[in-house]
Amino acid sequence: MKKIAVVLSGSGVFDGAEIHESVLTLLALERHQFEYQCFAPNSEQMHVINHLTGDVAEGESRNVLVESARIARGNIKDLAEAKADDFDAAILPGGFGAAKNLSNFAVKGSDCTVNPDLVTFIKGFAQAKKPVGFMCISPAMLPHIYGQGTKLTIGNDADTADAIEAMGGVHQACPVEDIVVDEDKNLVTTPAYMLASSVSEAAKGIDKLVDKIAQMLT
C-alpha cells in the first residue's frame with residue numbers, strides 16, 4: 001500500500017490549514033486506498049484569527065501541531081520527525097497557515113523564508129523524484145524548495161503570481177477544477193480555495209491532483 005504524508009499548518013483558513021481542503025485531500029487519498037500520515041510543525045502560530053469576525057484575537061496564542069491535531073483527529077506527528085524515505089508522496093493543503101506558519105510569505109512576500117523542517121522534508125521527495133502536491137496558497141513556497149524554473153499555479157491572483165515569479169517560479173494561470181504539472185519535478189499544484197466558491201468546486205481540482213499523484217505512483 002502506498003503511503004502519503006500530509007502536512008498541515010493549523011486549523012482554519014485564516015490562520016491555519018484550510019479545513020475543507022484538508023478533509024477533501026484525506027478523502028481523495030482514502031478513495032485510492034492510500035495510507036496517510038499527517039504532520040505539522042510543533043511551533044506557535046504567527047497569530048490567532050477569530051474566524052467569526054475575521055479579526056486578530058489579541059493576546060491569544062496557539063500551537064500549530066496542537067491545532068492541526070483537530071483535523072487529523074489526533075493522529076498527527078511533529079514535522080521535525082518526518083522522513084521522506086518513509087513515504088511515496090506528500091501533499092500540502094492550503095489555507096493561510098501555509099503562508100503564516102509554514103512560511104512567512106503572508107508578511108514577506110517574495111523575500112519570505114520557509115520552515116527548515118519542511119524544506120528538508122520536501123527536498124527529500126524532490127531528490128528521490130517522488131511526487132508532491134501543493135494546493136491553494138501553499139505553492140508560493142515551492143521556488144524556495146525546488147529552485148528556479150519551477151512550474152506551479154495558485155490560480156490567477158496577479159500579485160501573488162508576481163511574487164512567485166520574483167522568487168524564480170514559473171506561474172501558470174489555472175482554473176479551479178484543473179491542475180498544473182511540472183513533469184520534470186513530479187510536482188502537481190491546484191488553486192483550490194484561491195478560486196473555489198464552494199466545497200464541490202474545491203473538490204474537483206483536489207481530486208484531480210490526487211488522481212495525478214496516483215498515476216505518477218504507478
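Guide: A salt bridge is a side-chain nitrogen of Lys or Arg within 4 Å of a carboxyl oxygen of Asp or Glu. Keep in mind that this is a predicted model.

Visitor: Why is the pair of aspartate 207 and arginine 31 called a salt bridge?

Guide: The closest N and O atoms of aspartate 207 and arginine 31 are 3.8 Å apart. The cut-off is 4 Å, so the pair counts as a salt bridge.

Visitor: What parts does this pair tie together?

Guide: Aspartate 207 lies in helix H8 and arginine 31 in helix H1, so the pair ties together parts that are 176 residues apart in sequence.

Visitor: How do you know whether arginine 31 is buried or exposed?

Guide: Exposed means over 50% relative accessible area. Arginine 31 has 57% relative accessibility, so it counts as exposed. Aspartate 207, at 23%, counts as partly exposed, because that class lies between 20% and 50%.

Visitor: What makes aspartate 178 and lysine 208 a salt bridge?

Guide: Their side chains meet at 3.5 Å, N to O, and the definition asks for within 4 Å, so the name applies. Aspartate 178 lies in the loop between strand E7 (170–171) and strand E8 (180–182), and lysine 208 in helix H8, so this pair ties together parts 30 residues apart in sequence.

Methods
Residues numbered from 1 in each chain as written. Predicted model: local features only at pLDDT ≥ 70, side-chain atom pairs only at ≥ 80, totals over all residues. Heavy atoms only, no water. Helix = DSSP H or I, 4+ residues; strand = E, 2+ residues; numbered from the N terminus. Buried < 20%, exposed > 50% of the residue type's maximum accessible area, 1.4 Å probe, protein only.
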